[in-house]
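Q: Hi! Could you walk me through this structure? I'd like to start with how the chains meet.
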Amino acid sequence: MSAVMDLQKAVVAHLSADPALAELMGVYDGPPPRAAFPYAVLGDGLVTDWSTKTEAGREVRFAVTLWDDGEVPARLHRLTDAVEAAMATLPRTLADGRIISLIFLRTLIARDPAGPWGGLVEHRIRILQNQEI
Amino acid sequence: MFERIIGTAQAVATQTRNAQIERLVQVTPPPGITITRTEEGVVLSGQRLRRRLITDPTLRSFGR
């Protein structure tokens, strides 16, 4: 369903344009081979059917992961808050569909002893695809 | 006054919870993760679990 791809593109554009996320060195729709910290990646999410009798729909567990190599997680906390706020204002109209609901699910921040700080912001997004008439 | 209704609701809730616990312990966990049954639900354990919750979508979607 192309609406899911449209959603990814819309989120990349929306987060990239948000002034509160100007600290981010990039917003990627897949793991970047080399990227400067901090950066955001749109993770793979669980996609399930949310169709009605008359319209094709999808429910997407949409995860934005943030990576930062700072000494303390303060910047990552700030960025996860900014991503959550930005997602709430995501335009509801997509190129080939529309967002019916967008619900915040959870944030999580963790650090691997050998790696950077990782942060997760997850939403449940329900989309209906535009119908051709 | 509502004791019977409360008792019935509690029995239904317990039955539903136990059915959910039974369903979850039958799920094949991601590699390196173990599922343990408790009275309240299930506990997932494994190395670097919090970190894996960030990077592993299958773990995030456990039980769905």
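Q: Which three residues of chain A supply more of its share than any other three?
A: Those are A:Leu46, A:Leu108 and A:Asp112, which supply 33% of the area that chain A buries against chain B.

Q: Before I go on, how should I read the numbering and the model?
A: Residues are numbered from 1 along each chain as its sequence is written, and chains are lettered from A and ligands numbered from 1 in the order in which they are written. The model is predicted, so local features need pLDDT of at least 70 and side-chain atom pairs count only at pLDDT 80 or more, while totals for chains, interfaces and linings use all residues; side-chain values use heavy atoms, with hydrogens and water left out.

Q: Thanks! What pattern does chain A follow along the sequence?
A: Chain A reads α-β-β-β-β-α-β-β-β, with 2 helices and 7 strands. Those are DSSP runs, numbered from the N terminus: helices are H or I with at least four residues, strands are E with at least two.

Q: Why is chain A called as compact as a globular protein of that length?
A: Because its radius of gyration is 15 Å, close to the 14 Å that the globule rule gives for 133 residues. The radius is taken over C-alpha atoms, and the rule is 2.2 Å times the number of residues to the power 0.38.

Q: How about chain B, what elements does it have?
A: Chain B has 3 helices and 2 strands, running α-β-β-α-α from the N terminus. Its radius of gyration is 16 Å, well over the 11 Å from the globule rule for 64 residues, so chain B is more spread out than a compact globule.

Q: What percentage of each chain counts as buried?
A: For chain A, 48% of the 133 residues; for chain B, 22% of the 64. Buried means under 20% relative accessible area (1.4 Å probe, protein chains only).

Q: Last one: how many charged side chains does chain B have, positive and negative?
A: Chain B has 10 positive and 5 negative ones. Lys and Arg count as positive, Asp and Glu as negative, with His and the chain ends not counted.

Notes: Buried < 20%, exposed > 50% of the residue type's maximum accessible area, 1.4 Å probe, protein only. Buried area = accessible area lost by both parts, 1.4 Å probe. Charge placed at Lys NZ, Arg CZ, Asp CG, Glu CD.
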